[in-house]
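User: Hi! I'm new to reading protein models. Could you walk me through this one?

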Amino acid sequence: MKPIIILIAAMGIASAGTSHAQTANDAKATPEEAITAEIGSTFLRIDTNKDGSLSRDEFSAFMEEAIGKQVEIFNQIFDTLDLDKDGKISRTEAAENKAFAAGFDDVDSDKDGFISKNELAVAMKAARDAKPTEAK
Ligand SMILES: [Ca+2]
Ligand SMILES: [Ca+2]
């Protein structure tokens, strides 16, 4: 297991965003049913004028919302850990969060002993792109 994957999973980023609909179905539905239900409810959510089809505008509005949510969560995590508000996370600050501390060296890509917002953003993007199958 890569520390960075654990880090992201522990922070709940991997599942943040579009998967709210899924939780209600988890208990009894098969994975296929859950996915279908999720796609269905996401579709209904995106189709804001309820005409049964998705316009480019509706879709891009949805994507903007999803991305906005990610950024919001990202900023929250960063600000929570950045106790002295100097815009970077020191090793001491990272120690507040076990998972974060474990992944510190991986995220600190320029090895200056601090995690900048940019370094965290890069790490989160990498973790998302990697599709953390071993997490959860
Ligand atoms: Ca700081
Ligand atoms: Ca750094």
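User: Let's start with Lys117. Which residues does Lys117 touch, not counting those up to four places away in sequence?
Analyst: Lys117 touches Phe78 and Gly87. Two residues are in contact if their C-beta atoms, placed from the backbone, lie within 7 Å. This is a predicted model, where local features need pLDDT of at least 70, side-chain atom pairs count only at pLDDT 80 or more, and totals for chains, interfaces and linings use all residues. Residues are numbered from 1 along each chain as its sequence is written, while chains are lettered from A and ligands numbered from 1 in the order in which they are written.

User: How far apart are Lys117 and Gly87 in sequence and in space?
Analyst: They are 30 residues apart in sequence, and their C-alpha atoms are 7.2 Å apart in space.

User: Where does Lys117 sit?
Analyst: Lys117 is in helix α7. Helices (H or I, at least four residues) and strands (E, at least two) are DSSP runs, numbered from the N terminus.

User: Which residues of α7 are buried?
Analyst: Leu120, Ala123, Met124 and Ala127 are buried in α7. These residues are on the same side of α7, because they cover an arc of only 100° around the axis. The arc is that of the directions from the helix axis to the C-beta atoms. On the face turned away from the buried side, α7 carries the exposed residues Asn118, Lys125 and Asp129.

User: Nice. What makes up the largest nonpolar core?
Analyst: That core has eleven residues, including Leu81, Phe100, Phe104 and Leu120. Both α6 (104-107) and α7 (117-129) supply at least two residues of this core, and α7 gives the most, with four residues. A nonpolar core is a set of buried Ala, Val, Leu, Ile, Met, Phe, Trp, Tyr and Cys residues joined through C-beta atoms within 7 Å.

User: What is Phe104 in contact with, leaving aside neighbours within four places in sequence?
Analyst: Phe104 is in contact with Arg91, Ala94 and Ile115.

User: Changing topic: how many helices and strands are there in the chain?
Analyst: The protein chain has seven helices and two strands. Along the sequence, the pattern reads α-α-α-β-α-α-α-β-α.

User: Last one: what pLDDT does the chain average?
Analyst: The average is 78, and 76% of the residues score at least 70. Over residues 13-25, the pLDDT is below 50. pLDDT is the predictor's confidence in each residue, from 0 to 100. Where pLDDT is low, the predicted coordinates should not be read in detail.

Technical notes. A residue is buried if 20 or more other C-beta atoms lie within 10 Å of its own, exposed if 12 or fewer, and partly exposed in between; C-beta atoms are placed from the backbone.
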